[in-house]
Amino acid sequence: MSILFVAQHREMSPFKSAIEKLDSNMDVEIWPNVEKPERVQFAVAWNHPKNVFNSFPNLQVISSLGAGVDHLFADATIPEHIRFTRVVAPSLSDQMCDYVLGSVLNILQRTETYYDQQKQAEWLPQKAYRKKELTVGVMGLGAIGKKVAERLVLNGFTVAGWSTSKKVIDGVQTYSADELNEFLSQTNILVCLLPLTERTEDILDLDLFKKLKNPAFLINVARGEHLVEEDLIYSLDTDLIQHALLDVFSKEPLPESHPFWGRDKITITPHIASVTDPDEVASLLLDNYKRLLSGMDLMHEADRKKEY
Ligand code: NDP
């Protein structure tokens with residue numbers, strides 16, 4: 001039996017090597033060069049082409065190469081009986097904590113304003129925001145969002161958090177799904193770390209932005225499809241939102257002609273907030289593969305009903 005990696009625009013050989021380093025007997029294949037499709041029971045996918053999984057008659061589990069499984073649920077060509085798992089790993093949340101903390105500190109220090117001023121050789125000191133002036137609200141308190149909220153608390157921020165079911169996290173004012181308005185009304189810096197599902201698609205819209213506390217900022221590190229792009233542009237133009245830091249986009253790479261590129265109130269990074277490390281993920285993938293073969297419960301299996 002074998003593990004198959006299926007990805008587009010991403011090099012999979014480091015993942016194959018990392019698994020083979022842990023178990024030299026493992027048979028690991030990389031799509032599209034699959035010698036024996038009937039041997040594949042476990043696949044790992046990132047940005048896979050539609051219909052690709054129909055060629056593997058004994059496939060049982062597909063693991064996302066990252067934390068999100070939205071790309072798997074979005075592919076209706078994957079047979080219903082196939083189970084999905086995802087990556088939960090310390091370095092994924094640690095990188096995200098660094099990214100979000102760095103972004104929040106840049107907002108406080110008005111770093112973007114100074115970048116702009118430097119281009120014009122302008123020496124214009126601005127008033128920095130104080131930590132106590134701005135509350136950071138984290139949408140999604142899962143494997144990553146919870147760690148991000150904790151890191152912000154550790155750094156002296158006032159933090160609120162929102163999730164389907166109410167959580168208890170030291171130092172964080174938490175809210176459940178039906179308390180969204182209360183959560184938003186005390187949030188200045190909104191950090192989106194939700195999974196992309198039918199319920200969270202387009203959640204970052206004008207109606208939501210209007211409910212944020214002034215001054216308001218957006219950090220979207222989850223998925224581009226959470227955001228209604230024209231509502232963000234309107235909100236930036238009308239000062240409802242002061243600045244947006246975006247790592248994810250509904251179309252990636254972000255097309256050259258996209259209006260976000262030319263905006264000085266938007267900071268763009270190319271989906272790098274947190275990147276799966278081959279050596280760290282190899283043991284998780286191998287463990288799940290072995291669990292599948294021995295009929296044990298899988299680690300981090302996604303729930304088809306919840307879509308995450
Ligand atoms: P989890 O599945 O562990 O956590 C999801 C959280 O969102 C849970 O707290 C869940 O609530 C909450 N949630 C889900 N649906 C709703 C809803 N409708 N209303 C309110 N809360 C909701 O995900 P992770 O923390 O591992 O990852 C989050 C996302 O981050 C990923 O899906 C991925 O898209 C993105 N990501 C982006 C990366 C990047 O580089 N930009 C890197 C890694 C991840 P409950 O706990 O009650 O179920």
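Is D202 buried, partly exposed or exposed? With a relative accessible area of 40%, D202 is partly exposed. Here, buried stands for under 20% relative accessible area, exposed for over 50%, and partly exposed for in between (1.4 Å probe, protein chains only).

A word on the ground rules. This is a predicted model, where local features need pLDDT of at least 70, side-chain atom pairs count only at pLDDT 80 or more, and totals for chains, interfaces and linings use all residues. Residues are numbered from 1 along each chain as its sequence is written, and side-chain values use heavy atoms, with hydrogens and water left out.

**A negative patch**

Back to D202, which sits in the loop between β9 (189-192) and α7 (206-210). Helices (H or I, at least four residues) and strands (E, at least two) are DSSP runs, numbered from the N terminus. Together with E198, E201 and E230, D202 gathers in a patch of negative charge on the surface. Patches are made of residues with over 30% relative accessible area and no salt bridge; like charges are joined within 9 Å, and nonpolar side chains (Val, Leu, Ile, Met, Phe, Trp, Tyr) within 5 Å. Asp and Glu count as negative and Lys and Arg as positive, while His and the chain ends are not counted. The place of a charge is taken as NZ of Lys, CZ of Arg, CG of Asp or CD of Glu. The accessible areas come from the Shrake-Rupley method with a 1.4 Å probe, and for residues only the protein chains shown count as cover.

**Salt bridges**

How many salt bridges does the structure hold? There are 16 salt bridges, each a side-chain nitrogen of Lys or Arg within 4 Å of a carboxyl oxygen of Asp or Glu. Among them are these pairs:

| Pair | N to O distance |
|---|---|
| D279 and K21 | 3.4 Å |
| E133 and K127 | 3.5 Å |
| D239 and K265 | 2.6 Å |

Take the D279 and K21 salt bridge, with its closest N and O atoms 3.4 Å apart. D279 is in helix α9 (residues 278-293) and K21 in helix α1 (residues 13-22), so this pair ties together parts that are 258 residues apart in sequence. K21 is exposed, at 63% relative accessible area.

D239 is partly exposed at 41% relative accessibility, and K265 is partly exposed at 22%. Elsewhere, salt bridges that share partners join D94, D98 and R151 into one network.

**Cysteines**

C97 is buried at 5% relative accessibility, and C192 is buried at 0%.

The peptide bond from W31 to P32 is cis, with omega near 15°, and P32 is in the loop between β2 (27-30) and β3 (40-46). From E252 to P253 the peptide bond is also cis, with omega near -5°.

N51 isn't a glycine, yet has a positive phi of about 75°. R110, not a glycine either, has a positive phi of about 60°.
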